[in-house]
Amino acid sequence: MMSNDFIHQAGFLHGGDYNPDQWLDRKDILEEDIRLMHQAHVNCVSVGIFSWTRMEPREGEYDFEWLDEVIDRLWKGGIHVILATPSGAKPAWMARRYPEVLRVNERRERLLFGERQNHCLTSPVYREKVRAIDTALAERYAAHPAVILWHISNEFGGTCHCENCQAAFRNWLRKKYGTLQELNRRWCTGVWNQWYTEWEQVESPSPLGEMSCVSLRVDWQRFMSETCADFIRMEKQAVQSAAVKLPVTANLMERFWDYDYFALAETLDVVSWDSYPEWHSGDDIARAAEFAMNHDIMRSLKKAPFLLMESTPSQVNWKNVNKLKKPGMHTLSSLQAVAHGSDSVQYFQWRKCVGGPETFHGAVVSHNNRADTRVFRDVTQVGEMLERLRPLAGTPVQAKVCIIFDWNCRWAVDFAQAGLKGQMRYFDTVNGHYRALWEQGISVDFCDMRACTDLEGYSLVIAPMLFMLRNDFEKKLKEYVSHGGTLVMSYFSGLVDDTDLAFMGDTPHGLTEVLGLRVEEMDALHPSERNHTMLYGKQYEIADLCELCVPEGAETMAAYQQDFYRGLPVITRNHYGEGQAYYIAARVEQAALNAFYGKLAGQLALRGHPFADLPRGVTVTVRGNCFFVQNYSGVQQTVHLPCTFTDTLEKTEKNGPVALEPNGILVLTRTTKEQNTELMIDKD
Ligand code: GLA
Ligand code: ZN
């Protein structure tokens with residue numbers, strides 16, 4: 001079975017986390033739920049995520065009868081099931097009997113039983129127990145026609161510092177460096193006399209011990225990330241040990257920092273993630289650009305459509321201010337995911353819990369058990385829309401632009417003791433470049449510096465703050481430009497190698513010829529300090545970081561206007577081989593990035609849509625033959641349609657000026673056949 005075959009069978013998935021094990025004493029509720037699911041156009045639910053003790057009340061004694069009944073009844077009602085492995089929350093009996101499954105924090109304190117996703121991923125006991133229950137689940141349910149996908153655990157995250165993990169870390173280091181001498185050299189341990197003379201002296205980072213060695217900290221993140229990947233592989237093998245091999249996913253998270261998702265995604269058949277944007281809490285346009293980027297990163301992890309595994313149908317209950325979604329926002333936010341490549345809109349959760357920590361978290365069905373509510377109507381509307389958009393399910397998104405977003409680099413930037421301590425803002429910096437393209441409705445892929453990354457085929461590659469270079473990535477960039485590509489690189493790039501050793505020689509390492517300049521120094525600005533620059537006849541602000549570059553062939557497009565480095569370049573352009581490379585030496589304001597990429601987009605013909613002059617806060621996302629026109633501005637806007645389109649949701653024809661409500665969305669296709677085929681993209 002192909003990894004996303006189920007999409008072609010079921011169409012877009014619509015549904016969410018469903019916890020009928022909380023209602024086993026209320027048989028009527030399951031029946032009622034199935035009836036309401038039909039009413040809401042729900043076709044898929046995720047079950048079993050936190051059900052381990054229900055499934056295995058005592059060690060080795062399984063009870064699956066209740067689950068048999070749930071899955072059978074759902075399937076009789078035509079509802080597909082994503083079946084979870086329960087490893088996200090361990091049973092109390094296990095914690096008491098085998099304390100080694102409990103995590104140890106960085107202060108070396110062993111945690112007590114409680115909460116979730118806080119078990120040791122190296123513990124042999126934990127792995128054995130998980131393998132056993134996963135195998136039992138697979139034997140029982142892999143062939144069930146309702147079950148379409150394995151949901152491995154839940155939101156993996158965090159680290160464990162127990163003795164098992166320390167030993168595994170030392171082994172990992174031994175494999176990586178071979179000898180302690182090499183480790184000492186790569187980590188440069190001699191500087192503060194941190195030489196290790198026996199492997200046992202190496203400890204994971206701790207506020208009680210070592211926190212200043214960036215290479216140690218980056219290696220620890222890599223190790224924990226690989227440990228998680230290995231744990232997923234173990235679970236995957238267990239659930240795929242049955243005769244019927246269903247695809248697996250694990251639900252990932254937004255802006256997630258702990259693990260390298262590009263590496264983790266290699267273990268998954270389908271990427272899925274949980275999206276909880278904080279709408280109406282500040283700037284919705286910025287929020288939309290941030291979540292568009294989150295979606296695009298998720299799609300890029302496997303360069304394939306992904307699943308929106310969780311989102312709230314109304315509000316969450318764990319933020320400081322738990323806002324409701326204003327009218328329109330539920331549909332807009334759900335279809336934003338679809339526009340960026342999601343094959344589902346799933347919620348946390350279907351029915352509100354009667355008690356526990358999430359009693360007041362939004363759900364499709366509230367405690368009042370009614371279908372005539374605002375939230376239920378919103379959800380139903382999304383279900384109907386997904387049915388109308390069905391031909392789009394499984395369609396990939398095409399992008400001409402690729403932004404480098406690398407977890408290793410991110411960790412290194414965040415740990416770096418340079419520039420602005422703790423304020424280097426890697427994610428936000430990448431998002432600034434992304435946003436300039438998003439506002440123009442330009443599709444973007446992301447990639448990292450893995451050896452398999454292929455840049456050929458992109459018209460534009462953007463490398464913001466590429467501080468750490470690994471896998472000779474500079475050579476890839478050089479080749480890409482020399483073959484005719486356009487590269488944009490920013491300040492704080494090409495400074496250290498894979499283990500945080502500074503490159504000796506001119507920087508950005510390996511790219512000075514490509515960029516036609518070398519960077520000599522970097523100034524950091526106090527929060528209130530500003531410099532300025534002129535770009536295309538307009539003045540813009542500069543904050544935070546200013547590099548002092550020496551041009552060696554590059555042409556200066558914008559220069560500093562103040563301070564002793566007045567006149568030195570802020571933005572440069574250089575021809576190299578068949579291509580060109582731009583360098584942005586300072587943190588220019590968003591408007592400057594918008595202007596810069598606006599020009600570039602025209603020159604490189606990056607827009608995949610015919611809309612010109614989109615109002616502020618309105619963007620277009622293209623997937624297949626559909627144009628998703630979205631209004632995040634908070635006010636009504638007029639969009640000028642450049643030709644006649646079919647409104648796929650309303651099934652009407654539209655042209656000329658069209659009013660778009662606050663939080664409104666239009667899904668348009670071109671009306672003539674040729675125009676449609678021209679934009680039709682072949683499915684996988
Ligand atoms: C996370 C978890 C869910 C639930 C939601 C609430 O995403 O995976 O189990 O707690 O948050 O928003
Ligand atoms: Zn551990």
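How many residues does helix α11 have, and how far does it reach from its first C-alpha to its last? The views below start there. This is a predicted model, where local features need pLDDT of at least 70, side-chain atom pairs count only at pLDDT 80 or more, and totals for chains, interfaces and linings use all residues. Residues are numbered from 1 along each chain as its sequence is written, chains are lettered from A and ligands numbered from 1 in the order in which they are written, and side-chain values use heavy atoms, with hydrogens and water left out.

**View 1. Helix α11, residues 284-302.** The helix has 19 residues and reaches 28 Å from first C-alpha to last, close to the 27 Å expected at 1.5 Å a residue (the expected span is 1.5 Å times one less than the number of residues). Helices here are DSSP runs of H or I with at least four residues, strands are runs of E with at least two, and both are numbered from the N terminus. Of the 19 residues of α11, 17 are buried, so the rest of the structure largely encloses it. Buried means under 20% relative accessible area, exposed means over 50%, and partly exposed is in between (1.4 Å probe, protein chains only). At the start of α11, a side-chain oxygen of Asp283 comes to within 2.9 Å of the backbone nitrogen of Ile285. Just after the helix, Lys303 takes a positive phi of about 50 degrees.

**View 2. The zinc ion (ligand 2) and its cysteines.** Donors are N, O and S atoms within 2.8 Å of the metal (3.2 Å for Na, K and Ca); water is not among the atoms, so sites may look incomplete. Along the chain, the donor spacing reads C-x39-C-x1-C-x2-C. Cys120 sits in the loop between α5 (92-97) and α6 (124-141), and Cys160 in the loop between β4 (147-151) and α7 (163-177), so this pair ties together parts that are 40 residues apart in sequence. Cys120 and Cys160 are both buried.

**View 3. Around ligand 1.** Residues with a heavy atom within 4 Å count as near the ligand, and they include Phe50, Arg116, Glu155, Asp274 and His361. For polar contacts, look for pairs of N or O atoms within 3.5 Å; within protein, one must be able to donate a hydrogen and the other to accept it, and residues adjacent in sequence count only if both atoms are side-chain atoms. Polar side-chain atoms lie 2.9 Å from a ligand oxygen in Asn154 and 2.7 Å from a ligand oxygen in Trp318. For Tyr276, a side-chain N or O atom is 3.4 Å from an oxygen of ligand 1.

**View 4. Cysteines without a disulfide partner.** Taking a disulfide as two cysteine sulfurs within 2.5 Å, the count is zero. The sulfur of Cys44 is 19 Å from the closest cysteine sulfur, in Cys353, too far for a bond. Cys409 isn't in one either, with its nearest cysteine sulfur, in Cys447, 12 Å away. Cys44 is buried at 0% relative accessible area, and Cys409 is buried at 0% too.

**View 5. Two cis peptide bonds.** One joins Phe348 and Gln349, with omega about -5 degrees, and Gln349 is in the loop between β9 (344-347) and α13 (374-388). Another runs from Thr507 to Pro508, with omega near -5 degrees.
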